[in-house]
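Hello,

Here is the structure I said I would pass on. My notes on it follow below.

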Amino acid sequence: MRITVFGASGSVGDWLVPEALRRGHEVVAVTRRRSRITTQHPNLSVMQADLDDIAALEKTLTGSHAAIISLADPVVHTGTRSIVTAMRSVGVSRVEALTGFGTSAISRRQLNPLMRAVVAAIRVITLPAFRAKEDQDATLRASGLTFTIVQPPTLTAGPATGTYRHGDYRGKSILGNISRADLAAFMLDNLEQDRYLNQSAYVQQ
């Protein structure tokens, strides 16, 4: 599979790119600064693109089977909106996006009352970043693309364990955690196996 990874030099992208290469995928790593990606591999292409440059985004997506979006909070909504536009233009229909715990109203309704109250408090405290992820969620759901929205709790720097749980938000808690290594493995498993199509998914160790 040829996968275009947006946010390839970020804290999760650093795990996604090598794991995808290890599995034999062809990877297009998209970054705003090419020098931030030092990995060299026959199946790796590094492309520089600004998230407001639709033509450049289209070039990164041409020939790909899927896109993964793992963007930082300040650009998560505007960047996702641009990527969706470029995907439609070049005919790439499969997208997987990383967001945050509880940033989908659909998911929040599955939480118990106490956890909904906790998330509501966090939303107030972190409103600009939280709202950007809510907007990202809405953009993907209205995109017409085949999407998966991955909503983990706290991310850690721990090693890959190969043992993690995933599913909907019923009975889940923001107090869970998952290593970035295991998160990357889950996201690639999900793409390869076509799980959670047009759904959001919770994952934790």
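Of the 205 residues of the protein, 50% count as buried, where buried means under 20% relative accessible area, exposed over 50% and partly exposed in between, with a 1.4 Å probe and protein chains only. Please keep in mind that this is a predicted model, in which local features need pLDDT of at least 70 and side-chain atom pairs count only at pLDDT 80 or more, while totals for chains, interfaces and linings use all residues. Residues are numbered from 1 along each chain as its sequence is written, and side-chain values use heavy atoms, with hydrogens and water left out.

Overall picture

The protein has seven helices and ten strands; these are DSSP runs numbered from the N terminus, helices being H or I with at least four residues and strands E with at least two. Its radius of gyration is 16 Å, close to the 17 Å that the globule rule gives for 205 residues, so the protein is as compact as a globular protein of that length. The radius is taken over C-alpha atoms, and the rule is 2.2 Å times the number of residues to the power 0.38. The C-alpha trace spans about 50 × 35 × 30 Å along the principal axes.

Among contacts with a separation of 6 or more, 69% are between residues 24 or more positions apart; contact means heavy atoms within 4.5 Å. The accessible surface comes to about 9300 Å², and 52% of it belongs to carbon and sulfur atoms. That area comes from the Shrake-Rupley method with a 1.4 Å probe; for residues, only the protein chains shown count as cover.

As for charge, there are 23 positive and 17 negative side chains, with the centres of the two sets 5 Å apart. Lys and Arg count as positive and Asp and Glu as negative, while His and the chain ends are not counted. The place of a charge is NZ of Lys, CZ of Arg, CG of Asp or CD of Glu.

Strand S6 and its partners

Four of the five residues of strand S6 (residues 146-150) are buried, so the strand is largely enclosed by the rest of the structure. S6 runs parallel to strand S5 (residues 94-98), and five bridges join the two. S6 also pairs with strand S10 (residues 199-204), again in the parallel sense, over three bridges. Two strands are taken to pair if DSSP finds at least two bridges between them. On the S10 side, Ile 149 stands opposite Ser 200.

Leu 98 is buried, at 10% relative accessibility. Leaving out residues up to four places away in sequence, Leu 98 touches Val 12, Ile 69, Ser 70, Gln 136, Val 150, Pro 152, Leu 183 and Met 187. Its C-alpha is separated by 9.8 Å from that of Asp 137, 39 residues away along the chain.

Ser 104 is buried, with 0% relative accessibility. Beyond its neighbours within four places in sequence, Ser 104 is in contact with Asp 137, Arg 141 and Gln 151.

The buried residues of helix H1 (residues 13-22) are Gly 13, Leu 16, Val 17, Glu 19, Ala 20 and Leu 21. They pack against strand S1 (2-6), S2, S3, strand S4 (66-69) and H7. Gly 24 follows H1 and has a positive phi, near 95°.

In helix H3 (residues 76-90) sits Gly 79, which is buried at 1% relative accessibility. Gly 79 touches Leu 51 and Leu 71, not counting residues up to four places away in sequence.

Loops

Most residues other than glycine have a negative phi. Asp 194 is not a glycine, yet its phi is positive, about 55°. Asp 194 is in the loop between helix H7 (180-193) and S10 and is partly exposed, at 46% relative accessibility. Asn 198, also not a glycine, has a positive phi of about 55°. Asn 198 lies in the loop between H7 and S10 and is partly exposed, with a relative accessible area of 42%.

Thr 38 is in the loop between strand S2 (26-31) and strand S3 (44-48), where it counts as exposed at 67% relative accessibility. Thr 38 and Asp 14 are 24 residues apart in sequence and 10 Å apart in space, C-alpha to C-alpha.

Regards
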